Amino acid sequence: MLGVPLASQIRCIVFALLGGLGASVGVAQKSMPVTYYSRVSADYERPLGADGYPQREFYALGYGGRLDGTVWDHTQSKEDYPRIAGIVAEHLAEQNYQFAFDAADATLLITIHWGRTGEGFDGNFNSRVNELGDALSSIQAAQAAIPPPASSATLEEAAINRAETIAQNQQAAAAAAELEGSILLMSMENRVRTRRNEQNARVLGYTDEMARMQNIGGPIGMDRFNELRGEVEEARYYIVLTAYDFRLAKDEQKKKVLWTSRMSIRTRGHRFAENIATMVARAADSFGQNSGRLVRNKRGEVEIGEITVMDDDVETPSASKP
């Protein structure tokens, strides 16, 4: 968290390393779809050593809590922070990011946010669609019930016809008003749905990929967009790492984002505490780098191709012919 004293951060990370790493050693063996997206600012570039590997960078950790528009469910709490921090520190070290015990060494302030996005927007929208369909059926039925003008009728029959016509016109007008109201409510619900989807997409890292699919268009692009929208509209657990310029954050209280990494899983069938290590491990290779695009369902599984049987008498080409 910006403004958190470095001493407090050190106590927190030490506690995390002592109490959290034991539970996070090794990636969970259970195969679980994890979606992640990492992005680097144009102002950030990791210096490389002579071996081509990124040089060591020092960081301080900050508590971020929930992002705006998200919640903690019964499986999450503020007490998750030490464990998450320990797991994150473990995998940052694999990318040559080292925790700074001395503030003079820190160049990055990495804050940790976690929580759960909302769900149910699609259901609300669908209910409005059903209401619109009912209103449309009502106006069609009312219009169909208006009697046609009689070509030859007695005065009494003509009066009855006029009365029925007036009554049916009133019903048609009422149905039209109901239809107009349903259209207005659906339009409002659609705007709410769009805003919430946009908010969730930003939290989860789906924004760029959804825009890309809209630009592609056509059946393939729209099918892919609808698939992504479905994931955005379901409840998902997330962890977001945001790396700030430590000097600006400490000395000038300015938030200059250098890189972010966003990882998430669907809540259905999963418990947050049991899957923290897997979520972080799957995204770890992209810390401080551009993932390029949204990475979905990376499982780390080995795909075995078709087996080719070779005869024993077939000569194997030598790798080093004279």
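The talk below goes through labels for residues, pairs and surfaces in this predicted model.

Visitor: Why is Glu209 called buried?

Guide: Buried means under 20% relative accessible area. Glu209 has 2% relative accessibility, so Glu209 counts as buried.

Visitor: Why is Arg224 called partly exposed?

Guide: The relative accessible area of Arg224 is 22%. Partly exposed is the range between buried, under 20%, and exposed, over 50%, so a value of 22% belongs there.

Visitor: Which residues are linked with Glu209 in a network of salt bridges?

Guide: Arg212, Arg224 and Arg293 are linked with Glu209 in that network. The structure holds 15 salt bridges.

Visitor: How do you know that Asp208 forms a salt bridge with Arg39?

Guide: The closest N and O atoms of Asp208 and Arg39 are 3.1 Å apart, and the limit is 4 Å, so the pair qualifies. Asp208 lies in helix 6 and Arg39 in strand 1, residues 35-40, so the pair ties together parts that are 169 residues apart in sequence.

Visitor: Are Asp208 and Arg39 buried or partly exposed?

Guide: Asp208 has 29% relative accessibility and counts as partly exposed. Arg39, at 47%, counts as partly exposed too. Exposed would need over 50%.

Visitor: What makes Lys254 and Glu252 a salt bridge?

Guide: Their closest N and O atoms are 3.3 Å apart, so they meet the 4 Å limit. Lys254 is partly exposed at 48% relative accessibility, and Glu252 is partly exposed at 46%.

Visitor: What is noted about the phi of Gln253?

Guide: The phi of Gln253 is near 55 degrees, a positive value in a residue other than glycine. Gln253 is found in the loop between helix 8 (246-251) and strand 6 (257-266).

Visitor: Where is Asn96, and why is Asn96 called buried?

Guide: Asn96 is found in the loop between helix 3 (81-94) and strand 3 (97-99). Its relative accessibility is 18%, under the 20% limit, so Asn96 counts as buried. The phi of Asn96 is also positive, near 70 degrees.

Visitor: What makes the nonpolar surface patch, and how does Met188 qualify?

Guide: Leu184, Leu185 and Met188 make the patch, which is about 270 Å². Patch residues need over 30% relative accessible area. Met188, in helix 5, has 40%, so Met188 passes that limit and is partly exposed.

Visitor: Which helix supplies the largest share of the lining of the largest pocket?

Guide: Helix 5 does, with seven residues. The lining has 13 residues, and those nearest the centre include Thr194, Met210 and Phe225. By class, four are nonpolar, five polar and four charged. The volume of the pocket is about 270 Å³.

How values were computed. Residues numbered from 1 in each chain as written. Predicted model: local features only at pLDDT ≥ 70, side-chain atom pairs only at ≥ 80, totals over all residues. Heavy atoms only, no water. 1 Å grid on protein atoms, 1.4 Å probe; cavity = no way out; pocket = protein on both sides within 12 Å on 5 of 7 lines; lining within 4 Å. Points joined across faces, edges and corners; volume = space filled by probe spheres on them. Helix = DSSP H or I, 4+ residues; strand = E, 2+ residues; numbered from the N terminus. Nonpolar A, V, L, I, M, F, W, Y, C, P; charged D, E, K, R; others polar. Patch = residues over 30% accessible without salt bridge, like charges linked within 9 Å, V, L, I, M, F, W, Y side chains within 5 Å. Areas by Shrake-Rupley, 256 points an atom, 1.4 Å probe, with all protein chains shown as cover. Salt bridge = Lys/Arg side-chain N within 4 Å of Asp/Glu carboxyl O. Buried < 20%, exposed > 50% of the residue type's maximum accessible area, 1.4 Å probe, protein only.
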